[in-house]
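Hello,

Here is the structure for you to look through. My notes follow below it.

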Amino acid sequence: MTRTEQIIKQTEIYSAHNYKPLPVVIAEAKGVYMTDVEGKRYLDCLSAYSAVSHGHGHPRVLKALHEQADKLVVTSRAFHNDQLGPWCRELAALCDMEMVLPMNTGAEAVETAIKAARKWGYKVKGVPKYKAKIVCCADNFHGRTTTIVTMSTDELYKEDFGPFTPGFEIIPYGDIDALEKAIDDDTVAFLVEPIQGEAGVRLPPDGYLSAARRLCNEKNVLLIFDEIQTGLGRTGKLFCWQHEDAKPDLMCLGKALGGGCIPISAVVGSQEVLGLFRPGEHGSTFGGMPLSCAVSREALRVLVEDDLTGRAEKLGKRLRDGLESVQCEQIKEVRGKGLLLAVEFKPGPRTARQVCEALQDEGILCKETHETTVRFAPPLVIEPEQIDQIIAAVKKVLEN
Ligand code: PXG
């Protein structure tokens, strides 16, 4: 048995089977490259679903991690720490928002936004107690807690996990008329991904986000963008909503917020909404811990100083042009923005999973979403020659 087979077998015995990873066991990574336990090197085209936008082990982010780890790691929120305040101020400034509420994972940020919106509904909008409604979109992915899977339209995420949480209405993604119809007096928020990542990098029609912004203004409804996957440069703008200048009331961030080194998430927004929380109503032991905050502060500085957003735009175009030039009958569409791209396949000789497996042999690690789509989302620190390496591998796999 190879070392890879041994480790996979062990994982399958002792780890719950809630994932189906590619058969590769990563042991080390630096920049855009990952190395498996056999010593084979791969170019990472997934970036941990956008969490590793800075590349693996970014030297500055790692340095911040080590330095802070030597000083102070966790205090809980029972005491102040000297990193939380500066991080909140810096993140709020970057987002052009007023306040930040720190959590650890994306799902927790979404849960936080839901609670914030409901509270705003009762305290400010005047919705009758426990009548608050949040509108969300079909095919969304906001995480996997019991409340969040209530919003899912994918049976896999829901079957066997009910009963679910009341207070959500699901409408088709990209349909502004459906949003208008769904909003009633009890509606407190519209929660939506500016691009649906997990649904297969699905883009709404042009003008959708700004139309949603206008509608929410008219109807006194909070607009909440889940930018956990699309935010922090990934799509070629700092935030995906900036493609349409549709600034939300609340924004959920996660993934790349930790610079690929640590889990940290946040809801950022206005004082009018986030200012409503009172002590004890919400929180998390590790949320806002000094280690995460220090790492995230450096990650945000790197994001700006190394212009990761500009790189996503420029190199995303190079990757997209390359993928569009691949001669393969089975390709239905190449889509996405910046370095959040996907190739969708028509039914045919290869499944998306098989394409990923063939790319793995060529030293490129991708992950399929659903049966038909392969996502290409390398770290934003990728170099042009490495983009060309991806394109060459895709051509080799698909043009034969
Ligand atoms: N919102 C969006 C838009 C996401 O893409 C989450 C929320 C939840 O984040 P956390 O940190 O709670 O996983 C995501 C996560 C996976 C996986 O299984 C995660 C995502 C996409 C695909 C797979 O780890 N995105």
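Over the ring of which residue does the charged end of lysine 158 sit? Phenylalanine 164 is the one, with its ring centre 4.7 Å away. A charge counts as over a ring if NZ of Lys or CZ of Arg is within 6 Å of the ring centre and within 35 degrees of the ring normal. Arginine 41 does this too: its charged end is over the ring of tyrosine 33, 3.7 Å from the centre.

Some background. The model is predicted, so local features need pLDDT of at least 70 and side-chain atom pairs pLDDT 80 or more, while totals for chains, interfaces and linings use all residues. Numbering runs from 1 along each chain as its sequence is written, and side-chain values use heavy atoms, without hydrogens and water.

Now the aromatic rings. There are four aromatic pairs (Phe, Tyr or six-membered Trp rings with centres within 6.5 Å). Phenylalanine 141 and tyrosine 157 have ring centres 5.5 Å apart and planes at 70°, so they are edge-to-face (over 60 degrees). Phenylalanine 239 and tryptophan 241 have centres 6.3 Å apart and planes at 5°, so they are stacked (under 30 degrees).

Last, the ligand. Polar contacts are pairs of N or O atoms within 3.5 Å. A polar side-chain atom of lysine 255 is 2.8 Å from a ligand nitrogen. For arginine 144, a polar side-chain atom is 3.1 Å from a ligand oxygen. A polar backbone atom of glycine 106 is 2.8 Å from an oxygen of the ligand.

Best wishes

Note on methods: A polar contact is a pair of N or O atoms within 3.5 Å; within protein, one must be able to donate a hydrogen and the other to accept it, and residues adjacent in sequence count only if both atoms are side-chain atoms.
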